[in-house]
Amino acid sequence: MPATNDADDYWGKAVTLYTGFPMPSRKTLFDKLKSKEGIPLFRMDIQSMGVRAVTAEDYSAISGWMKHDGEDYDLVFYTAGGDGAHSGVEMHRARIVLIGVPVDSNSRARLLDAGEMTSGGAFTGHYGDQWDSGPMSQYVSGAKAALDKLLADHTTRGFAYSGLPVADAEAVDLNSFERTALAFDRAAKFFIDHAKILEQWETSLGSEQASWKGQAAGVFWHLVHQLRKNYDSYVEQLGGADYHSAHTTVNGVSPKSKFGDTLAMAQQQLVTEITNLQNAWTTWANSREHDPHRSVLELLDDLSSWVLTNNVPYIDETTSYGGETTVTSYSTRAGFLENHPVYGNLNDIQSWKKLGEAAVTRWNNYVNQQLVPVATQSLSTLNGNWIDAGTEFEDPLKTKDTTSLSESYQQEQNQLNQDQLNQNQQNLNDILNNNQQNLNEGLNNLGDNLNNLGNNLNNGLGNIGDGLNNGLGNFTDGLNNSLGDLGNNLHSLSSNLNGPPGSGLPLNGDPGGPNPLLNNPLNHLGLNDGGNPLTNPGGATTRLNADGTLTTDYPDGSSTTFNPATGTMTTTSPGGKVTTSRLNAGDSFTNPDGSTTTLNADGTLTTKFPDGTSTTVDPATGAATTTHPDGSVTTTDLNAGLGSGADDLSHLTDLHSTGGLNGLDGLNAPSSLHSGGLNPGSLDSASLHSGSLDSGSLNSGSLNSGLDGLHGDDLAFEDYDSTPFTGGALGAPGGSALSAGGAAAPPTGGTPLNPGGLGGMGGAGNQSNNERVRKVLDETGGASLRRPTVSRAASGGEEEEREMVLTRGSTPTTSSPYYPMGGGGSPAGQGAQSTESGDRERSSWVPEDEDVWGTDEGGAPAVIGR
């Protein structure tokens, strides 16, 4: 039912809003309680009376409330034709009957008592007039009855007063707050209970003992996982599993959800405001001003007082005697008033109409003073409270994960691939770190062994004659040259580490080469993700990832990742939602910060920013070229933070210097093992019998010929073989003196960068001099050692065959040169002339001959190379 109260009647508005009771308009309350002259609340007539002078006591006896039967109020007054002194005075009585008042047991009219409520309706007057006191009683008493009903029964459904009902559609039900709150509680309980069940399913399906396995089972597991995650999110949005409310409903219920608690609070706020209106009505009614007829009575009493003061006292009575005749006349004196300053001439019925209208105004003023302010404040307070409460309901429950099953599956596959790639890179990092450590340790041992070599040779050769000193002079020269070549070869090693595919260790090969996974992450050997990020206009940052993808992070928490290999652009929103788009050449993509990214035909990405900046990134090289609005151009290497390959292994290229080999300082100087290092007086008998240089190696004049293996090229670091080493860790065997075929066995094992070490220096230290030598007969019948040719790409691509022959008439030795990593390290491979003793024969090597020298049972351990 539409509201019928006045637009400015906030008391009526509040009662209707809180209870649904349609308060009538105050402006029309008394339209059906008017006399035929239009006087509201009473009817009247004016009678003439015999003139007589009255005192104040006499006047009070004949004027006032309930003075005569049949009238409710009498008021006597005088007229004389105007105010002031006049003759011809007349006396009148106004007879007044109130309309729509209750009656007592004697059927006499009465007014409402303090706090009293009354009902009304249509009725017929004494002279057949049709009146209706219903609207008046509905407004005066119906408001209080509706408020009482709502507080007592928590609903106004079915309520009516003086014939005016509350429509069902407009009824207010306080219990609806509680019912809705309990609905939210049931929803929260549903999500809590079913989230536990889904968690059990998820655990069962994802365990190693799960009976369902395979891709279909994995997709179903993702569905269960997504539901469980969303249910947990719903529970959190509803307040959590252990939510405790701060409010209770009017029935004493404590909700178990955040939204239920808010509804209980809103219900309490409404009850508070209803109580405030109820208290305001009680205060108003206790003054008895809630009865409009009391305003009529009060104005009549005021008028009587005015007549008694300004009209009755100014009447003069004059008596004349003429014989037996007595004549009495009446006149007024100055000061006499018969026109009321508000209502006018009391002998005019329209003046009494004004009095009735003034009574209605008086009653309305009481309503505006005592009820309207309370109602206005109540409406404002409840509106503010409910706006605050309503904010809890502005946003519906949000679904945390809206990813489709196909998207989830693709994301999982991408993550698995990324995890595997990260693991592979970490493993390679560990290998490179271990290799570097082994290289340093091996070089340290190499320096120690060479120092020991010099010490032992000095001690062992001390008593050898001057001729031996001269012979050893060439040895030291050759040794110095060979050690110098060691630094060059190590320098070549560091170059090969960063060389093109096929040179050295192809860590920097092409994507289709042996190590495609090393292509981008290891191109710079920084081995740490991220590189050097680029800060874009607006605050976003772009970085090149280890897997070759480009990721841009935006200030709002979102990010985009472009995969050059698949042409896909993956966008992650601040809330975690992931969307994937595919870019073809020429396609553009709008980023979260408003910039647009275009995939160019050459595989580069060009991003144009709102401020006019343009940045082109090449994922293959990590180069980012930025053109600023002013036309200036800057280039950023997204890999700059990782360093170049050459830089990262620069410490290896310095190994040829005197400070580059730990423990080898000064080996390249002529004095290291020459004049002072191999003093003829330093070879003692202990060295000669230690097993390092025993009688078998130095007897019968064979010392010089036996030392030919230590002279010149025989000590050069040559003949790098691409076949993985099997001899042990990098470096010479430590702790033993140089012997003719009797050096200590190198440690076993190796790594990709250090496969088996640099080879041995001969047989094991505890091995007999009488080495077994495999003899191979060629066409000439001579003995030779055969092995296939070795390609030396690092030495300019030239190929050459290196031969080792047995010295005529002497016992063959197993001493072999040190081979540097990286290949192509021999002097011959670098364009130098290979040297050999004049008494040697050179036999051609047969490629198909696969025998390895020194691998017979009981013989010396195998040297590197086949």
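The model is predicted, so local features need pLDDT of at least 70 and side-chain atom pairs count only at pLDDT 80 or more, while totals for chains, interfaces and linings use all residues. Residues are numbered from 1 along each chain as its sequence is written, and side-chain values use heavy atoms, with hydrogens and water left out.

**Overall picture**

- The protein's secondary structure comes to 16 helices and 28 strands; helices (H or I, at least four residues) and strands (E, at least two) are DSSP runs numbered from the N terminus.
- Of the 866 residues, 45% count as buried, where buried means under 20% relative accessible area, exposed over 50% and partly exposed in between (1.4 Å probe, protein chains only).
- Among contacts with a separation of 6 or more, 63% come from residues 24 or more positions apart; contact means heavy atoms within 4.5 Å.
- The accessible surface is about 40700 Å², and carbon and sulfur atoms hold 49% of it; accessible areas come from the Shrake-Rupley method with a 1.4 Å probe, and for residues only the protein chains shown count as cover.

**Aromatic pairs**

- A search of the whole structure turns up 15 aromatic pairs. Rings of Phe, Tyr and Trp (its six-membered ring) pair if their centres lie within 6.5 Å, and planes under 30 degrees apart count as stacked, over 60 as edge-to-face and the rest as tilted.
- One of the pairs is Phe177 with Trp386, whose ring centres are 6.0 Å apart with planes at 50 degrees, so this pair is tilted.
- Phe177 sits in helix α4 (residues 175–206) and Trp386 in helix α9 (residues 372–390), so to speak distant parts of the chain, 209 residues apart.
- Phe177 counts as buried at 15% relative accessibility, whereas Trp386 is partly exposed at 33%.
- Phe190 and Tyr231 also form a tilted pair, with ring centres 6.0 Å apart and planes at 55 degrees.
- Phe190 lies in helix α4 and Tyr231 in helix α5 (residues 215–237), so this pair ties together parts 41 residues apart in sequence.
- Phe190 is partly exposed, with a relative accessible area of 37%, and Tyr231 counts as buried at 17%.
- Ring pairs also join Phe30, Tyr139, Trp281, Trp284 and Trp363 into a cluster.

**Helix α1**

- Seven of the ten residues of helix α1 (residues 10–19) are buried, so the helix is largely enclosed by the rest of the structure.
- Those buried residues are Trp11, Gly12, Ala14, Val15, Thr16, Tyr18 and Thr19.
- Their cover includes α3 (134–153), α6 (258–286) and α9.
- After α1 comes Gly20, with a positive phi near 85 degrees.

**Cavities**

- There are eight cavities of 30 Å³ or more. On a 1 Å grid over the protein atoms alone, a cavity is a set of points where a 1.4 Å probe fits but cannot get out, and lining residues have an atom within 4 Å of a point.
- The largest cavity has a volume of about 210 Å³; grid points are joined across faces, edges and corners, and a volume is the space filled by probe spheres set on the points.
- The lining of the largest cavity has 19 residues, and Thr542, Thr552, Thr597, Leu605 and Thr607 lie nearest its centre.
- β16 (550–553), β17 (559–563), β22 (605–608) and β23 (614–618) each give at least two residues to this lining, and β17 has the largest share, with three residues.

Methods: On a 1 Å grid over the protein atoms alone, a cavity is a set of points where a 1.4 Å probe fits but cannot get out, and a pocket is an open set with protein on both sides within 12 Å along at least five of seven lines; lining residues have an atom within 4 Å of a point.
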